[in-house]
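Colleague: Could you take me through how the two chains of this model meet?

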Number of protein chains: 2
Amino acid sequence: MPDSLRRFKADIFQALAHPTRIAIIELLEDGELSAGDLMEKLGMEQANISQHLAVLRSKQLVVNRKAGNQVFYSVRDPIINKVLALMRRYFQKHLKEALGLLDEMDGSTIPTDR
Amino acid sequence: MPDSLRRFKADIFQALAHPTRIAIIELLEDGELSAGDLMEKLGMEQANISQHLAVLRSKQLVVNRKAGNQVFYSVRDPIINKVLALMRRYFQKHLKEALGLLDEMDGSTIPTDR
DNA sequence: TTGGAATATTCGATCCTTCGCATATAGTAT
DNA sequence: ATACTATATGCGAAGGATCGAATATTCCAA
């Protein structure tokens with residue numbers, strides 16, 4: 001496989017390699033949301049959300065639709081949702097080790113994923 | 001979902017977010033290989049391969065088995081292979097746009113993935 | 001046409017990643 | 001013990017990612 005193709009895949013993983021961007025994709029799984037919706041649900045700076053959306057857009061993981069003042073985002077291809085679903089399974093399977101890997105153990109109860 | 005879990009997933013994507021590490025995982029899909037085998041097949045610096053293997057190990061994506069002088073690596077959980085298989089489907093589906101995204105078009109024929 | 005709301009972009013500081021080079025460790029054989 | 005092979009680790013330079021603050025753009029309403 002040529003290196004350019006490997007780079008393409010790596011870029012997509014790179015786009016997913018941030019907690020906020022994962023949160024965005026997962027929030028969008030149930031349907032489109034505006035940038036403002038995401039900002040509110042995630043409780044982060046407007047500029048920051050917009051920057052993360054720009055990353056996801058640049059790799060074509062999300063598409064956007066303008067409606068007046070607002071911009072609505074959705075996941076472009078359900079394959080990406082499947083990838084995240086697989087990751088959830090992976091996480092559940094390796095929950096113990098996963099917790100061991102986490103830097104901060106905040107003593108909360110075992111979380112159920114999503 | 002707590003942020004720590006999002007970070008866990010992001011870390012795994014981060015581990016996959018490099019062309020060389022993707023190549024390693026894909027090479028390991030058919031069975032275990034030694035670090036030397038990988039070095040030879042990928043034609044990269046010994047230290048570099050070892051560093052990438054360290055990343056994959058630290059996120060527990062691969063496991064290793066010592067046999068005398070050598071260290072044999074394999075993918076820990078087939079779910080990771082499934083994730084890469086999905087990515088291959090994704091790539092084929094969006095081949096045209098993908099090529100548009102690639103920086104360097106070297107004029108070669110349309111590649112068949114793997 | 002001025003104002004306000006929603007979103008995007010630019011900038012600079014800080015941190016993280018990646019690489020090659022050099023060196024360290026571990027196993028094997030002589 | 002010595003030497004050799006396989007693999008890992010430490011280091012420093014170069015480039016890339018992330019953030020908040022400030023600013024720009026776009027659209028609508030009065």
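Modeller: Glu26(A) forms a salt bridge with Lys9(B), the closest N and O atoms being 2.9 Å apart. This is a predicted model, in which local features need pLDDT of at least 70 and side-chain atom pairs count only at pLDDT 80 or more, while totals for chains, interfaces and linings use all residues. Residues are numbered from 1 along each chain as its sequence is written, and side-chain values use heavy atoms, with hydrogens and water left out.

Colleague: How many salt bridges are counted between chain A and chain B?

Modeller: A salt bridge here is a side-chain nitrogen of Lys or Arg within 4 Å of a carboxyl oxygen of Asp or Glu. Glu26(A) and Lys9(B) meet that rule at 2.9 Å, and the count between chain A and chain B is four.

Colleague: What area is buried between chain A and chain B?

Modeller: Buried area is the accessible area (1.4 Å probe) that two parts lose on being put together, summed over both. Phe8(A), Phe13(A) and Tyr90(A) lose the most area in chain A, together 16% of what that side buries. Carbon and sulfur atoms give 72% of the total, which is about 4,800 Å².

Colleague: Which residue of chain B forms an aromatic pair with Phe13(A)?

Modeller: Rings of Phe, Tyr and Trp (its six-membered ring) pair if their centres lie within 6.5 Å, and planes under 30 degrees apart count as stacked. At 6.0 Å centre to centre and 25° between the planes, its stacked partner is Phe13(B).

Conventions
Chains lettered and ligands numbered in written order. Phe/Tyr/Trp six-rings, centres within 6.5 Å; stacked < 30°, edge-to-face > 60°.
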